[in-house]
Amino acid sequence: MQCDLASSEGVRNAIANVSERLDDSVDILVNNLGRWAGDPLLSLAESNWDMVLNTNVKAAFVASQIVGPQMRAAGWGRIINISAASAY
């Protein structure tokens, strides 16, 4: 399945698609994201910076907000966030 992780709608659609295919709620979410625009920081366009933040940070936030209530209602769930080494 492909989705646009830089788009909140893309994240919502992906989770809805997975839930529908599994005919169940999501019990485990692994936010394993990492993207860089490839440009040096001082010459990085703001639109590319927005894309990096939307993909690396906002997608994990949106996905966690979507599945969190399902996990709470089920009384169990895990959200695992993984970052690239470049985060250091």
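Predicted model: local features only at pLDDT ≥ 70, side-chain atom pairs only at ≥ 80, totals over all residues.
Start by selecting Ile-80, which sits in strand S2, residues 78-82. Strands here are DSSP runs of E with at least two residues, helices are runs of H or I with at least four, and both are numbered from the N terminus. Ile-80 counts as partly exposed because its relative accessibility is 39%. For that wording, buried means under 20% relative accessible area, exposed means over 50%, and partly exposed is in between, with a 1.4 Å probe and protein chains only.

Residues are numbered from 1 along each chain as its sequence is written, and side-chain values use heavy atoms, with hydrogens and water left out.

Zoom out for a moment. The chain has 2 helices and 2 strands, and from the N terminus they run α-β-α-β. Its C-alpha trace spans about 45 × 25 × 20 Å along the principal axes. Of the 88 residues, 25% count as buried.

Next, pick Trp-36 and Trp-49. How are the planes of this aromatic pair arranged? They are edge-to-face, at 75 degrees between the planes and 6.2 Å centre to centre. Rings of Phe, Tyr and Trp (its six-membered ring) pair if their centres lie within 6.5 Å; planes under 30 degrees apart are stacked, over 60 edge-to-face, and the rest tilted. You'll find 1 aromatic pair in the structure. Trp-36 is in the loop between strand S1 (28-32) and helix H2 (46-74), while Trp-49 is in helix H2, so the pair ties together parts 13 residues apart in sequence. Trp-36 is partly exposed, with a relative accessible area of 43%, and so is Trp-49, at 36%.

Together with Trp-36 and Trp-49 they form a nonpolar patch on the surface, with about 670 Å² of accessible area. Patches take residues with over 30% relative accessible area and no salt bridge, joining like charges within 9 Å and nonpolar side chains (Val, Leu, Ile, Met, Phe, Trp, Tyr) within 5 Å. A salt bridge is a side-chain nitrogen of Lys or Arg within 4 Å of a carboxyl oxygen of Asp or Glu. The areas come from the Shrake-Rupley method with a 1.4 Å probe, and for residues only the protein chains shown count as cover. Leu-41 is in the loop between S1 and H2, and it counts as exposed at 59% relative accessibility.

Now select Glu-20, Asp-23, Asp-24 and Asp-27, which gather in a surface patch of negative charge. Glu-20 belongs to helix H1, residues 8-22, and is exposed at 67% relative accessibility. Asp-23 lies in the loop between H1 and S1 and is exposed too, with a relative accessible area of 70%. Check its backbone: Asp-23 has a positive phi of about 55 degrees, although it is not a glycine. Most residues other than glycine have a negative phi.

Last stop: Ser-25, also in the loop between H1 and S1. Ser-25 is partly exposed, with a relative accessible area of 23%.

Methods:
Lys, Arg positive; Asp, Glu negative; His and termini not counted. Charge placed at Lys NZ, Arg CZ, Asp CG, Glu CD.
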